[in-house]
Structure formats: structure tokens, C-alpha cells
Amino acid sequence: MRVSVVTFPGSNCDQDAVWAFGEILGVDVTPVWHKSHDLANPDLVFIPGGFSFGDYLRSGAIARFSPIMNEVAQHYRKGGYVMGICNGFQILCEMGILPGCLMKNRDLAFLCQDVYVRCESSKSPLTYGLSTGTVLNIPIAHGMGRYVADDDTLRSLEDHQQVVFRYTTASGELTEEANPNGSLNAIAGICDESGRALGMMPHPERHVESALGSDDGLQVLGGLIEYLEYAAT
Amino acid sequence: MDSKTYRVSVQLKPSVLDPQGKTVAHALHALGFEEVTDVRIGKIISLKIHGDLPDDEVRGRIDAMCQKLLANPVIETFELVED
């Protein structure tokens, strides 16, 4: 089981991800610099959060043209798995692997807080082991997290169970207050049609030990590793 | 080498909520500019291009730049600003 974590200038939580996969989950993890052409033959590519290239032009707009992203696109096209967190989600949208776009938060403020998300679908194997309706406590840290897509795209996402996480209250209710950034349909994470690409704004790699406040993030990362190990056998 | 400046306007699509524009509209109202009914905030990108390229070829290449990088067609429209 191999995970590659891509780092861009301005990435953050890449080392948290390396820690979560390597130390907590005991997976073979390789940090990969964005200028590299060698993805290290992973089962999963993890694109971390942060502010790649200073979020210049649009979040993720420059990062998608980094040399390593050709390899990431090829890995995905060949049937590989890709997970984008926060800025990684924005990059997957800019690449066109995921539909829609992440825009400035409704209230314009940068939000750094714990939120609750509800698992909405078992479409993506990357949420293996998470049953629909499960509520997780996972932190967000973003200024550009408001998910936007046109009506047809939204309808198609809903119809095909591609909405993987929605912002809810701790008890799993959809309320306007529980949606921190004004995302359409309270969307916190989506997958592509195949389920092999998953993007989400909350940071599961930040909540992998109770000493960090919660280990709910392990339910996401641990589940996907369990699936990939199972798929590899 | 002479170069010519081209300006591209990148604007949010009308269907996309622009909270920054809404906030600025509120501020203008607070300053007494009640005639303002809406504000949308976009970008102007200035490009200096080698002057020896024919204008229509430059326009075609700027269109490609916008399609590929300068604008995101999911949320934005773009056009060359004619001076």
C-alpha cells in the first residue's frame, strides 16, 4: 500500500498527512515535490491543503500546471485514486477531475474551526467503512471554501450520489448556521463519477489522534486505506 | 523590441454570487451613494505582447490563454477590453 503526498510551494498539512498515513496508519508514504516527474507509483495520490502559489489568480489555478500534475492526471486516467483536501479539492476542480469550483466564503472571512460533516453517500470507495448518516468532527481552515456549480451540475451530482459530505450540526441536521461558508447544498465534499477522485474542504489529517482534539479523521483515512488494501489483494 | 499592451476583463458570471461585490455595495450605500443597485468585482489583466505579431493572431492566442489559465469557465467570463 503506497500513498504519495504532493507538496507545492505554499502547501500545508502535507506533513500532517505524511504523519497520519505513515505513523498512525503504518502505510508506505512518499512526499513528492511538485517539480518532480516521479510520483513513486502510488495506490493513492493525496493532494494537501494550503495556499499553493499564494492562491494567485484563483486557488489551485497555477498548481494544476506543475510538472507532477501530468503524472497525477495520468495516474487518475489509468484508474488510480486521488484525494484532494482543501486546496487539493480546489486543484482537482481546476483540473476538471471534479466539477464545480470553490469560491470566497459567503461572509468573506477566513474560517479556522471544527465543523461537523455528515457522510451522504457510499459512492466513493474512498469513504469505505463510513456508513451514510455518520457525522464526523473535522476542522476546516479556508477562505475559499464555498462550493459552487451550475444547476445542471448540482442536479447531476445529487442524482448520482456524488455528494459525499455535507456540513451539518453535531446531531446531523442540515441548518443554515451549520453551513460555515455558504456552499450550495451545504456541500463539503464530492467525488467524480467513478468514485476514484474525492475532494473535501475539511481536513481529516488534522484529526487523527485524540490528543489533537478528535480522531474522527481516521474514520476517513483509515477506511480508505482499508479499502485500498482490500482492493489490492 | 516594441510591445503592445492588451487588457483582458475577467468577470464573474451573473449567476454566481459575489459576496465581495455585495459588501462593497452596502458600503457605498452607507456613504450615501444610494443610486448603486449592484456591484460586481472582477479583474483586469494587462498583457504585454511582442509587437511584431499580427493583431488577429494575438487575439486568438489571448483567447487560448483565457481558456486555459486566466479565467475559469465554470464561474467566469472574459473579454478583451477595446481601448
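How many of the residues of strand E11 (163–168) of chain A are buried? The close-ups below come from a predicted model, and the first of them takes up this question.

**Close-up 1. Strand E11 of chain A and its two partners.** Strand E11(A) is mostly covered, with 6 of its 6 residues buried. Strand E8 (residues 111–119) of chain A runs antiparallel to E11(A) and is joined to it by 4 bridges. Look for A:Arg118, whose bridge partner in E11(A) is A:Arg166. Strand E12 (residues 187–191) of chain A is also antiparallel to E11(A), with 3 bridges between them. Here A:Arg166 turns up again, standing opposite A:Ile187 of E12(A).

**Close-up 2. The buried face of helix H1 in chain A.** Helix H1(A) spans residues 14–24, and its buried residues are A:Asp14, A:Ala17, A:Val18, A:Ala20 and A:Phe21. Viewed down the axis of H1(A), these buried residues fall within an arc of 165 degrees, so they line one face of the helix. As a reminder, an α-helix has 3.6 residues a turn, so residues three or four places apart point the same way. The buried residues of H1(A) pack against several elements of chain A, including strand E1 (2–7), strand E3 (28–33) and helix H5 (217–232). Just after the helix comes A:Gly26, with a positive phi of about 65 degrees.

Close-up 3. Three strands of chain B form an open sheet in the order E2-E1-E3, with antiparallel pairing. Strands E2 (43–50) and E3 (76–81) of chain B stand at the edges with a single partner strand each, so one side of each has no neighbour in the sheet. Neighbouring strands of this sheet are turned against each other by 25 degrees on average, direction ignored. Helix H2 (residues 55–70) of chain B packs on the sheet and touches E1, E2 and E3 of chain B. The direction of H2(B) makes about 40 degrees with that of E1(B). Strand E1(B), residues 3–12, is joined to E3(B) by 6 bridges. For a landmark along this pairing, find B:Val10, which stands opposite B:Phe78 in E3(B).

**Close-up 4. Where chain A meets chain B.** Chain A brings 16 residues to the contact, and chain B brings 16 residues as well. About 1,200 Å² is buried between the two chains, and carbon and sulfur atoms give 69% of that area. The count of salt bridges between chain A and chain B is 1. B:Glu76 forms a salt bridge with A:Arg58, and their closest N and O atoms are 3.8 Å apart.

Notes:
Residues are numbered from 1 along each chain as its sequence is written. Chains are lettered from A and ligands numbered from 1 in the order in which they are written. This is a predicted model: local features need pLDDT of at least 70, side-chain atom pairs count only at pLDDT 80 or more; totals for chains, interfaces and linings use all residues. Side-chain values use heavy atoms; hydrogens and water are left out. Two strands pair if DSSP finds at least two bridges between them. Helices (H or I, at least four residues) and strands (E, at least two) are DSSP runs, numbered from the N terminus. Axes are lines fitted to C-alpha atoms, for helices over the stretch in contact, and angles run from 0 to 180 degrees between N-to-C directions. Contact means heavy atoms within 4.5 Å. Buried means under 20% relative accessible area, exposed over 50%, partly exposed in between (1.4 Å probe, protein chains only). The arc is that of the directions from the helix axis to the C-beta atoms. Buried area is the accessible area (1.4 Å probe) that two parts lose on being put together, summed over both. A salt bridge is a side-chain nitrogen of Lys or Arg within 4 Å of a carboxyl oxygen of Asp or Glu.
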